[in-house]
Amino acid sequence: MSENRLKISWSSLSRWELCRQKNFLVKQGLSAPGKDVRNFLAGNVVDSVQKTWLDNPVGNMIDLVDEHFEKAIAKSQEKGTIKWRNKNDKKKIHTNCVNATASLQPILEARVLPYDYEPGKWFNQVVKIKDQNTGEIKEVILNGEFDLLVREDDDQFVVWDLKTTADNDYWKKTVGQLTFYDLVVYSMFNQFPKKTGLIQPLCDEQVKEFFFTDRERAEIWSRISAYAHAEWVGDHPPKKDNVGCSFCEVQHSCAKFKRKLFS
Ligand code: SF4
């Protein structure tokens with residue numbers, strides 16, 4: 001089968017919706033090196049701790065934090081991709097990792113360990129979309145990674161996504177992502193998951209479940225289709241406003257900011 005099949009992940013879809021030009025340039029590998037990973041550090045550490053512990057769930061998960069934390073920092077410092085905000089920043093993030101992990105273990109013991117599960121489950125799922133311009137049915141690959149895919153005793157699936165945020169409203173930004181995962185599970189197993197959800201140990205509501213309707217599924221499908229159609233016609237203009245452009249990792253290659261030295 002052709003290697004030219006369009007690949008769509010949740011992050012590429014959301015980036016495309018933010019700015020088509022940015023998504024196009026990032027996919028060309030034109031991101032400036034050295035993107036600061038400080039804001040992702042706690043999430044990456046707790047996710048890595050979770051994966052390791054679920055592979056062999058004995059002992060206290062919290063005992064794994066220091067090793068994973070130091071390893072993640074060493075890797076970022078080697079590449080020069082971490083900028084601390086102040087002298088207490090590292091300690092603060094470490095404390096967040098410890099607190100999140102301490103609350104996470106009992107949640108996993110109750111919601112995951114009793115069932116079949118796979119942490120860090122990658123997917124590359126082929127779906128078919130009609131090209132509105134040519135009428136041709138084309139294959140598109142939905143790709144990405146579920147933090148945790150669980151099959152409960154009734155043979156139904158549950159997708160869990162781990163968030164280390166302490167923002168009680170953060171879930172509002174994740175609904176599209178979870179609906180995307182819901183569609184992927186349908187494509188993989190010919191059945192929708194019985195639910196999807198967030199495990200957010202630092203929030204007041206540590207486990208938040210979602211049950212999507214056909215209307216919500218149709219909505220995410222039309223967003224995926226809109227992305228595919230635009231890519232097929234090569235439509236990727238820069239966005240009109242400049243919000244966030246000064247922090248954009250592909251600004252140096254962006255058509256909107258290119259200056260001609262000589263005319
Ligand atoms: S600089 Fe702004 S307009 Fe250009 S690619 Fe980045 S986000 Fe888009």
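Reader: Hi! In S5, which residue is the bridge partner of Val159?
Author: That is Thr196 in S5. Strands here are DSSP runs (E, at least two residues), and helices are H or I runs of at least four, numbered from the N terminus. This is a predicted model, where local features need pLDDT of at least 70, side-chain atom pairs count only at pLDDT 80 or more, and totals for chains, interfaces and linings use all residues. Residues are numbered from 1 along each chain as its sequence is written.

Reader: Thanks! And in what sense do S4 and S5 pair, parallel or antiparallel?
Author: Strand S4 (residues 157-162) pairs with S5 in the parallel sense, over five bridges; pairing takes at least two DSSP bridges between the strands. From S4 the chain crosses through helix H6 (residues 175-189) to S5, a right-handed β-α-β crossover. Right-handed means that, with the strands pointing away from the viewer, the path from the first strand over the helix to the second runs clockwise.

Reader: What about S5 and S6?
Author: S5 pairs with strand S6 (residues 207-210) in the antiparallel sense over four bridges. Thr196 has Phe210 as its bridge partner in S6.

Reader: How many residues of S5 are buried?
Author: Four of the five in S5 (residues 195-199). Buried means 20 or more other C-beta atoms within 10 Å of the residue's own, with C-beta atoms placed from the backbone.

Reader: New topic: how many helices and strands are in the protein chain?
Author: The protein chain has seven helices and six strands.

How values were computed. A residue is buried if 20 or more other C-beta atoms lie within 10 Å of its own, exposed if 12 or fewer, and partly exposed in between; C-beta atoms are placed from the backbone.
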